[in-house]
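Please look over the following chain.

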Amino acid sequence: MSEDKVSRREFLSKSTMAASTVVAGSSTAKDHAQEDGHHEHEQSDYALRTKALVAVLTRKNLVNPASMDAVVDLYETKIGPHIGARMVARSWVDENYRQRLLEDARAVAREDNLTGIEGTDLVAVENTSEVHNLVVCTLCSCYPWPLLGLPPTWYKDAAYRAQSVIDPRGVLKKFGLALDDEIEVRVWDSTAEVRYLVIPERPLGSEGMSVEQLEKLVTRDSMVGAEILNSSSAGEEA
Ligand SMILES: [Co+2]
């Protein structure tokens, strides 16, 4: 678990080097990179850009700070990966639900009242012993927000978006996933219309668990295909 997180960080810090050359020209950004290390620089750079954008939009009366706070609150406290986790856990114990999810995830999402935020098509893909699915948006950062909440930083990163379609196995390796050569890797490129949900494999050792217990095992990253839920994580959290 923690090893995976380190791998993701390493991956990001390398890609941030590339990104910082794009935003170069700002001497303050460079100074920060030298002082704090490039990971810190990455965060402060995003934060600075966001603050600048908010300031401009507010000054021009294009957004109301109160309604922006309401949206942030929605994504911070109400919408999150626990919603997708509930769907995944249910699909593990209810074969009929799983089949409906795989055949027409949009209809299932509509039944579960999940299409209110973005009227997008949802497609569910399942990881099996033969196939591993990985989700990306090569163009920008399209993501199933109603089910997974805020996307992780690495999902929006230029390096992830480019490399996941060129060398998905290499990217998965950087995330700490060592897949057997026989396993087929499928990469799904999200668009403004189509968003993907990966149904990870049910972890070994979770056989006797209730849906509520299973939900807690499902991580955000596993529903993007960037993490495998293994028996040790099941054991840890059970
Ligand atoms: Co996009």
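What percentage of the 238 residues of the protein chain count as buried? The figure is 31%, where buried means that 20 or more other C-beta atoms, placed from the backbone, lie within 10 Å of the residue's own. This is a predicted model, in which local features need pLDDT of at least 70, side-chain atom pairs count only at pLDDT 80 or more, and totals for chains, interfaces and linings use all residues. Residues are numbered from 1 along each chain as its sequence is written.

**Overall make-up**
- The protein chain has 13 helices and 4 strands, taken as DSSP runs (H or I, at least four residues, for helices; E, at least two, for strands) and numbered from the N terminus.

**Helices α5 and α6**
- Helix α5 (residues 81–93) packs with helix α6 (residues 95–103) at an angle of about 125°, their axes being 5 Å apart; axes are lines fitted to C-alpha atoms over the stretch in contact, and angles run from 0 to 180 degrees between N-to-C directions.
- The crossing of α5 and α6 is left-handed, meaning that the near helix is turned anticlockwise from the far one by less than a right angle.
- On α5 the contact involves Met87, Arg90 and Ser91, and on α6 Tyr97, Arg98 and Leu101 (contact: C-beta atoms, placed from the backbone, within 7 Å).

**Strands β2 and β3**
- Strand β2 (residues 131–136) is largely enclosed by the rest of the structure, because 5 of its 6 residues are buried.
- β2 pairs with strand β3 (residues 184–189) in the parallel sense over 6 bridges; pairing requires at least two bridges found by DSSP.
- Val131 stands opposite Glu184 in β3.

Conventions
Two residues are in contact if their C-beta atoms, placed from the backbone, lie within 7 Å. A residue is buried if 20 or more other C-beta atoms lie within 10 Å of its own, exposed if 12 or fewer, and partly exposed in between; C-beta atoms are placed from the backbone.
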